[in-house]
Amino acid sequence: MIDFTTPTLSFPSSGTLLTSTMSLFTLSQTLPFPFPFSSPKPYVSPHRPIIRCANRSPHRTGKRRYPSEKRRLRQIHTEKLNIDAKDKFEGTWRFLNVGVEVGEDPGKDWFRVSGALMERIAKVLEFPVASMLPEEAFTVVRKSLDARKKLKEPKFVYTVDMDVRKLLDLQPRAWEFISELKPVVGFVEHISDEKVSSDLINIIYECKADKEQKESDQGDVGSNGTLKELPYQKPRVAVVGSGPSGLFATLVLAELGADVTLIERGQPVEQRGRDIGALVVRRIIQSESNFCYGELSEILHIPKELNVWQGGAGTWSDGKLVTRIGKNSSGVQTVLKTLVRFGAPESILVDGKPHLGTDRLVPLLRSLRQHLQALGVSIKFGTRVDDLLVEGEVLKGVKVSNCTGDLVSEKHELGFDSTVLGVGHSARDVYEMLLSHNVELVPKDFAINMSPSLWTDQVGLRVEHPQELINRVQYSALAAEVRRGRGKLPVADYKVSKYVTGKSPSDAANYGCYSFCMCPGGQIVLTSTDPAELCINGMSFSRRSSNWANAAIVVTVSCKDFEALNFHGPLAGVTFQRELEKEAARMGGGNFVVPVQTVPDFLANKLSDGPLPTSSYRMGVNPSSLHELFPSHIRKALQDSIATFESELPGFISEAALLHGVETRTSSPVQIPRDVDTYESLSLKGLYPIGEGAGYAGGIVSAAVDGMYAGFALAKNLGLFTGSIESLLGKAQNSALVKY
């Protein structure tokens, strides 16, 4: 086990830095497991903030459901099955789980009703001649691939809506077949005419029109029939962070009439691409413009000369739009349709696993930025928030400095009525700033990412396999249909999980291990923000045509893990992350070289001394003993889980599988408690924490949804919006602790 020094930790307080230097030492034998960390002094806040752990609420299924839940489900099923005869000819019929074998389907990029799909629909309707059914009456709502091994052949699974009125107008003979149609739970449903979710711009325009109509009805019109100009000063709102949550909050507030200033410490995506290029080619990291900081941090832009696998795209991105807060929910659909409005392909509304990439996201982002500026939004790039302006326990503004490269100008103050905090989970200095003002931070469980290609000296590892191997494992004889992202089948991915139990911490007690952020046809990239720390992530181009597949393999850790290492306080998780990242940088040898180990050697606890598989990581790899990076119980949980993954994915354990370290930033290590209705911080009035950095999202879509709901909630607090948020967007989903 390796000992190393914990460097100086700095916490700002009242404009100054309180420095606490920790000494070199090895953890004593009293700890339940060995760990290569220095033990810091317990953190003591002068404000004594409340510390509590956020717990996941279990999702009950099957026999675990409460009797009341079972009764409610039976009632829902009964309601779906009961339909009046006259209602059959109104609204929409939805056909679910309609399967078409891969050999008969046009392929993954076809989202219309094909001849083979129409035959399956005709079979459900018991209509004799499929070719007589008009395609215009049917709409594909969802398309996904089912490649489970128990199937004789992989098939595409569709959800299709049938417009009854349009069908009867075009094919009157269908009347008698619709009259015999009956709902079947999970396969056939009847949907009455209801409000269909729209994009965010149209929703707000409708709100404005309704408001103007009410004002007109109340007589607030001038002699020429136009609305009276009432004396009104726009409320001033700061939005800190231009990630998905910040952008959607800004869009809502600006459309509803607020005077919004969007503050981003990084650079716009065009300049950010040049800064990332300098990092990859010349190993020069810009502390304020990198893979973590900049316009929409989930979007990564790389100069064309670095694009070695996909000609012409000129970008390096991931852009997953998968979410676990319900893709069919009104809020999620609104976000996706808003992305389409600004340039995303309409296929993201149908694809079961939508994914973009920066070749599509960069122009989308530019279009959104121009729209915000046309609304009067002031966008301040290269501007870092250094402190809060608090008067009488109310936030009145922020203190900022202009930072370009390594140059930082003098600080100046900006006053606002409200401040929306939409930073990412890597803004650790922001957490320290919040603590200095007694803003409550709650440490929460988060996942230590380990990708199959990175099981070494880091909080987590990312594992990398040849993409052709994953294609063969998932598709068998049909693997040739992938064709590097241009064939009928999508580039194969996977999702594996294992819950490890034991009798003691040293026996891997109660740890979840699972794959996370799987990137088919992708590459591994650096996400460090400090030259002394090493952290990685996975990305994919939109076509996903590289030679590699990578995924993080993560182990869940909690407050008890931090406390066992003498890491205390709201930022114990941040300290835990940092220690792993520093040890990973030491293992790699510095200069952003990543430590790696083959999967068989990681399981055997030995250094990889033979030739290593090729890696997609561009800045160099170094053979390392990644099995020495983690506490023994976490290492054992990973090893036991990987052995299980091999039974699900034969070939997962092979000499071609390379682990890279370390991946620690799967989600925010803290949560900022806020009011469930107003979204305002419970410990500082005027502060509205949102998105992933605040602990309420995990991915592009869930962060955007959270920012959108928060924008409406704040607009309501400011008197800009008087309607019901739930009536517009549906009930807000609990996106806290949700990942991609």
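Visitor: Is asparagine 605 buried, partly exposed or exposed?
Guide: First the idea: buried means under 20% relative accessible area, exposed over 50%, and partly exposed in between (1.4 Å probe, protein chains only). Asparagine 605 has 37% relative accessibility, so it counts as partly exposed. A word on the source: this is a predicted model, where local features need pLDDT of at least 70, side-chain atom pairs count only at pLDDT 80 or more, and totals for chains, interfaces and linings use all residues. Residues are numbered from 1 along each chain as its sequence is written, and side-chain values use heavy atoms, with hydrogens and water left out.

Visitor: What about backbone angles and peptide bonds?
Guide: Most residues other than glycine have a negative phi, and most peptide bonds are trans. Here, asparagine 605 has a positive phi of about 55 degrees, and asparagine 591 has a positive phi near 60 degrees.

Visitor: Where is asparagine 591 placed?
Guide: Helices (H or I, at least four residues) and strands (E, at least two) are DSSP runs, numbered from the N terminus. Asparagine 591 sits in the loop between α13 (572–588) and β23 (594–598). Asparagine 605 lies in the loop between α14 (599–604) and β24 (621–623).

Visitor: Which residues does a cis peptide bond join?
Guide: Glycine 661 and valine 662, with omega about -5 degrees. Valine 662 belongs to strand β25 (residues 658–663).

Visitor: How many disulfides are there?
Guide: A disulfide is a pair of cysteine sulfur atoms within 2.5 Å. By that rule, the count is zero. As for cysteines, cysteine 513 is buried at 1% relative accessibility, and cysteine 535 is buried with a relative accessible area of 1%.
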